[in-house]
Amino acid sequence: MPRLAAVVLAVVLLAPSPAVAASQTPLARKLSRALAVPHVARAHTSALAVDLATGKQLYARNLHMPLIPASNEKLAVTYASLLALGPSFRFSTDVLGEGELDGTLWRGDVVLKGYGDPTLSTLDLLSLASQLRSQGIRRVTGQVIGDESFFDAKRMGPGWKSYFFLNESPALSALTVDRGRYKGRATRQPALAAALSFRAALLRAGISVAGRALTGTADSAAVPLATIESVPLAGVLRFMDHESDNFTAEKLLQEQQIPLTGARIVDGSGLSRLDRLTTEAVVAMLRSSWLDDDLRELLIDALPVAGRSGTLDSRMRGTVAAGRVRAKTGTLNEASALSGYVRRRYAFSVIQNGPGMSVYWARVAQDQFATVLAR
């Protein structure tokens, strides 16, 4: 998606960044103390907090340091997707016909073609099958083909640990049904599983199929027979950020390497150890979104609420930050991050890296940092 890549590049490089390091104000000293926890290296900790209205830095530490962002990378995917595609964008999935209609007989193959909808379900396939039946089709003489050619054939992102495949994210494909699960198990061939599921849906709709299910690419002369659309993009992104869903993120940003200043994005989920972001870049995106009347509420609504929802459901409960902090979490063995908004007044980002880092203490530092801002 070259347009999406260009948007991310423009956002991070052109968005206004705070001009000078924050002086050691009482607030800055409290924020510094909040980050002082055991088993987390200060040398590999980056943090930045700014006033949303003015852009003034409240606290800055190693803000230009490229670090592994973990799932904080989904913030870049969220923002860039909203800018490039718009909140009302919907993913489509089509049924194409290769052949011709002869009474109630479709002479030829039917092709299920996907365009990256991460929400496509068995119920959607039944809806597509019903559309074919409503056109009078009662029998297909050919085969059911699953077409995933809209994306490449790579099943996992670069820099992923082998364990992540099927455990942290289903196999990547432009055509995936039920988040890559077929007959109760994660499949390594999502397009084939989708074709098998669609063949079964046709049978349930009263349409017999003479041929088998397989994968392939639709012919350029294929004619549209049915289509279905996902919920709007804003809803897809809200689920992705609340639940930190790696699969959805990957479907939104396929195989992009964007040469950002001090940053590198090689997947959409943040699972890759090759990813790098700076807190300056993250806060620039957060503030740029805040200053955009069309995006402000969309991005805020996409983020979990401290002590209330998503990956922040159990964090900062019983503190002044509960209900006042909306932020994206990020966790890998050697990386932890938290970035977002506080009281609609501040934007902040904390990213911590290092071998042997304690994820528990990293989260303590992040929560303390956000809580200081919430006061």
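The following legends describe close-up views of a predicted model.

**View 1. Salt bridge between Glu297 and Arg344.** The closest N and O atoms of Glu297 and Arg344 are 2.9 Å apart. Glu297 belongs to helix H10, whereas Arg344 lies in the loop between strand S15 (335-342) and strand S16 (346-353), so the pair ties together parts that are 47 residues apart in sequence. Glu297 is partly exposed, with a relative accessible area of 35%. Arg344 is also partly exposed, at 46%. A search of the whole structure finds nine salt bridges, and the pair of Glu297 and Arg344 is one of these.

**View 2. Salt bridge between Asp367 and Arg315.** The closest N and O atoms of this pair are 2.7 Å apart. Asp367 is located in helix H11 (residues 359-374) and Arg315 in the loop between H10 and S14; the pair therefore ties together parts that are 52 residues apart in sequence. Both Asp367 and Arg315 are buried, that is, each has under 20% relative accessible area.

**View 3. Salt bridge between Arg317 and Asp313.** The side chains of Arg317 and Asp313 meet at a distance of 3.1 Å, N to O. Arg317 counts as exposed because its relative accessibility, 52%, is over 50%. Asp313, at 31% relative accessibility, counts as partly exposed.

**View 4. Surroundings of Ser309.** Ser309 is found in the loop between helix H10 (296-302) and strand S14 (325-332). With a relative accessibility of 18%, Ser309 counts as buried, because this value is under 20%. When its neighbours within four places in sequence are left aside, Ser309 is in contact with His242 and Pro304.

**View 5. Gly235 and Asp301.** Gly235 is part of helix H7 (residues 233-243). The relative accessible area of Gly235 is 39%, and the residue is partly exposed. Although Gly235 and Asp301 are 66 residues apart in sequence, their C-alpha atoms are 9.6 Å apart in space.

**View 6. Positive surface patch including Lys30.** Arg29, Lys30, Arg33 and Arg375 form this patch. Lys30 is partly exposed, with a relative accessible area of 46%.

Key:
Residues numbered from 1 in each chain as written. Predicted model: local features only at pLDDT ≥ 70, side-chain atom pairs only at ≥ 80, totals over all residues. Heavy atoms only, no water. Patch = residues over 30% accessible without salt bridge, like charges linked within 9 Å, V, L, I, M, F, W, Y side chains within 5 Å. Areas by Shrake-Rupley, 256 points an atom, 1.4 Å probe, with all protein chains shown as cover. Salt bridge = Lys/Arg side-chain N within 4 Å of Asp/Glu carboxyl O. Lys, Arg positive; Asp, Glu negative; His and termini not counted. Charge placed at Lys NZ, Arg CZ, Asp CG, Glu CD. Buried < 20%, exposed > 50% of the residue type's maximum accessible area, 1.4 Å probe, protein only. Helix = DSSP H or I, 4+ residues; strand = E, 2+ residues; numbered from the N terminus. Contact = heavy atoms within 4.5 Å.
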